[in-house]
Amino acid sequence: MTIPRVGPPYDFLPAFIASISGSGFPCFWDTDSRPISPLGYIELHEMSLASVNNDEIRRLYNVSTGEQTTAFLGSRKWVVQARVGAFTRNVRAGEILERIKIRLGKPLSYNQYANQGLALIDWGSTISQPIQADSRMISSSVCEFVFGFRSVDIDTLSESEGWIEQVDSGANVPGTYTS
């Protein structure tokens, strides 16, 4: 049995964003070390990961194998901030973020992130935030992207470990009411 991914596709997103940016900049999570690049960078930061409504529980029982499978399914909202820093004067970081936004809407891009179980819900404004690097100001901009995905967790128990088939009504358990 293949156990599905519970969280968002952390490994997929940096390579995907780098490929659609058209910048040649490396893309990485803020928890990773920054790759050396003379052109610039795209840094991703996970802002939030939240449940949307209540999770659903589905129980399946395979009569021939005696295996009980419980699936926990829930919708999630994943907010990721992208920061672009451009080291050359003729490249504006905001333009790279705008290109990413446009390309996220193209059918080829949609198919790539949909195949990872992601849905693009929304994105925020591109905000210019120039920063100082090597005693000079560089173009830097940020934007938040909101994705949705389905979280699935599979719990497999054998029949002997799974359902309670009979309760011993004569048991005296401390802290419980007995008549």
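Author: A search of the whole structure turns up one cavity of 30 Å³ or more. This is a predicted model, where local features need pLDDT of at least 70, side-chain atom pairs count only at pLDDT 80 or more, and totals for chains, interfaces and linings use all residues. Residues are numbered from 1 along each chain as its sequence is written, and side-chain values use heavy atoms, with hydrogens and water left out.

Reader: What makes the lining of the largest cavity nonpolar, polar or charged?

Author: Leu 13, Ile 17, Leu 44, Val 80, Ala 82, Phe 145 and Phe 147 line the largest cavity. Ala, Val, Leu, Ile and Phe are among the residues that count as nonpolar, so the lining divides into seven nonpolar, no polar and no charged.

Reader: Why is the pairing of Arg 76 and Asp 55 called a salt bridge?

Author: The term asks for a side-chain nitrogen of Lys or Arg within 4 Å of a carboxyl oxygen of Asp or Glu. Arg 76 and Asp 55 meet at 2.9 Å, N to O, so the pair qualifies.

Reader: How do you know whether Arg 76 is buried or exposed?

Author: Buried means under 20% relative accessible area, exposed over 50%, partly exposed in between (1.4 Å probe, protein chains only). Arg 76 has 15%, so Arg 76 counts as buried, while Asp 55, at 40%, is partly exposed.

Terms used:
On a 1 Å grid over the protein atoms alone, a cavity is a set of points where a 1.4 Å probe fits but cannot get out, and a pocket is an open set with protein on both sides within 12 Å along at least five of seven lines; lining residues have an atom within 4 Å of a point. Grid points are joined across faces, edges and corners, and a volume is the space filled by probe spheres set on the points.
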